[in-house]
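Here is a short briefing for a reader new to this structure. Keep the sequence and the 3D view at hand while reading.

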Amino acid sequence: MQNKTCKLSGPGGAVSELPLREGTLGPATLDIAALYKDQGIFTFDPGFVSTASCESKITYIDGERGVLLYRGYPIEQLAEKSSFLEVACLLLYGELPTKPQLDGFTDSIRRHSMVNEAVLRFFSGFHYDAHPMAMMTAVVGSLSAFYHDSTDIHNARHREIFAHRIIAKLPTLAAAVYRHSTGQPFMYPRNDLGYCANFLHMLFAVPAEPYHVNPVAAKALDLLFLLHADHEQNASTSTVRLAGSSGTNPYAAIAAGIACLWGPAHGGANEAVLNMLREIGDVKNIAKAIAKAKDKDSGFRLMGFGHRVYKNYDPRAKIIRATCHEVLEKLGRGDDPQLELAMRLEEIALKDEYFIEKKLYPNVDFYSGIIYRALGIPLHMMTVMFAVARTVGWVAHWQEMIADPHMKIGRPRQLYTGATQRDFVVIETRK
Ligand code: ACO
């Protein structure tokens, strides 16, 4: 689908016919790949506000209407009827799995959940108070030192083994990060449990006594993971693609994504939301917080509000908000004052002219932290939870990119505004 073009007359007078490419959904995209060759000019778009960095078939977002589709399926339907591992299968392979396919996938994930004992020894090098995301970045990167015999990125079966391995091992490593920070022994995975139940077991069980996973907690975690599994070309996914485009070891590319996710403008926001709610403390302080968020000089933003793509309610936030009360109630945390505070804050902000005019709505992180806390996940582990879920999306995008025979290394250009050419001055004569 590519017969429309856009004419552009360059600074030298030559006219280029730039192909306007139509996707199956979303705005048309001007293909400028030949622009530099034809016109000798670059395009300038810091922050990629108007730039499609790649072609993809995985996830679609309509930010104006608040729509999110995984492989065409609305997130609301998946949240209601599917599960995290089924969605992982969908994102990786493109279609909803049949029962035998899902059973095979689930079994493979189960069987790859242990990590080499040498990886667990890396933890002894970390101080107990190291930030969990720092440890995650390091230990996931260290997986690149293993599995040499099955990490040929040009071999489709090897790519698949990598995908299963990393999705299976992330909860084990994330739990080890937590256990290291609390000084408790690592718990080995239990293959008789489901993905999320096993993760809760590794996080919270102790060898001294039996631990029963609360099925409500496992189901709530499964929903949060499903909602966080992918989000097209966000900063961390783009980081994984860019790192992977050099042909680097895929575990190292995922570690780069984890590093990117850590930032408060991205995956660190759920932690920041809870900190913000704690600081606001009471409904009577909301007006002051909103005034501060509107004051550019304050450096303060309403965390969990606003999104580069959504100029409407983030559909994931809508789902989490709707289930928040129910989950908290079932977990015996129905009277959580932070949930009441968050809901009141949202209500007031959504009526405020500043937030209306800038189309700032709650994003996925506004309510997710409240559920994570009710599950017993401490504040500093929240971005780690996001990393475990998003690994599925990172891997799906990495796979899509590497399998593309036209893949090129990502190598942006720049608008140079530094010094023009000048001659070196010896130190004795410098002023
Ligand atoms: N509180 C107050 N003002 C805000 C907020 C906010 N949370 N978000 C955006 N604005 C304002 C900006 O000051 C800016 O105002 P201006 O046009 O007068 O300068 C305008 O809205 C647009 O904001 P930008 O920062 O230009 O938008 P951008 O798309 O670059 O940023 C981002 C999006 C980073 C998510 C931003 O909204 C933000 O910082 N939100 C808070 C952090 C957060 O919740 N991050 C999680 C994102 S979702 C995720 O990664 C899972």
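**Sheet, helix and pocket**

Strands β2 and β3 pair in the antiparallel sense, with 2 bridges between them. The model is a predicted one. The points below cover a sheet, then a helix, then a pocket.

**The sheet**

- Three strands make up an open sheet, in the order β1-β2-β3, and their pairing is antiparallel.
- β1 and β3 (29-30) stand at the edges with a single partner strand each, so one side of each has no neighbour in the sheet.
- Strand β1 covers residues 4-9 and strand β2 covers residues 15-21.
- These two strands run antiparallel and are joined by 6 bridges.
- β1 and β2 form a hairpin, with 5 residues between them.
- Glycine 13 lies in the turn of that hairpin and has a positive phi of about 95°.

**Helix α12**

- Helix α12 spans residues 269-280, which makes 12 residues.
- From the first C-alpha to the last, α12 reaches 16 Å, close to the 16 Å expected at 1.5 Å a residue.
- Is this helix mostly covered or mostly open? α12 is mostly covered, with 9 of its 12 residues buried.
- Among the buried residues of α12 are Ala269, Ala272, Val273, Leu274, Met276, Leu277 and Ile280.
- Asn270 and Glu271 are buried in α12 too.
- Which helices do the buried residues of α12 pack against? They pack against α13 (286-294), α15 (337-350), α17 (365-374) and α18 (382-403).

- α9 gives the most to the lining of the second largest pocket, with 6 residues.
- By class, the lining of this pocket holds 6 nonpolar, 3 polar and 5 charged residues.

Key:
Residues are numbered from 1 along each chain as its sequence is written. This is a predicted model: local features need pLDDT of at least 70, side-chain atom pairs count only at pLDDT 80 or more; totals for chains, interfaces and linings use all residues. Side-chain values use heavy atoms; hydrogens and water are left out. Two strands pair if DSSP finds at least two bridges between them. Helices (H or I, at least four residues) and strands (E, at least two) are DSSP runs, numbered from the N terminus. The expected span of a helix is 1.5 Å times one less than its number of residues. Buried means under 20% relative accessible area, exposed over 50%, partly exposed in between (1.4 Å probe, protein chains only). Contact means heavy atoms within 4.5 Å. Ala, Val, Leu, Ile, Met, Phe, Trp, Tyr, Cys and Pro count as nonpolar, Asp, Glu, Lys and Arg as charged, and the others, Gly among them, as polar.
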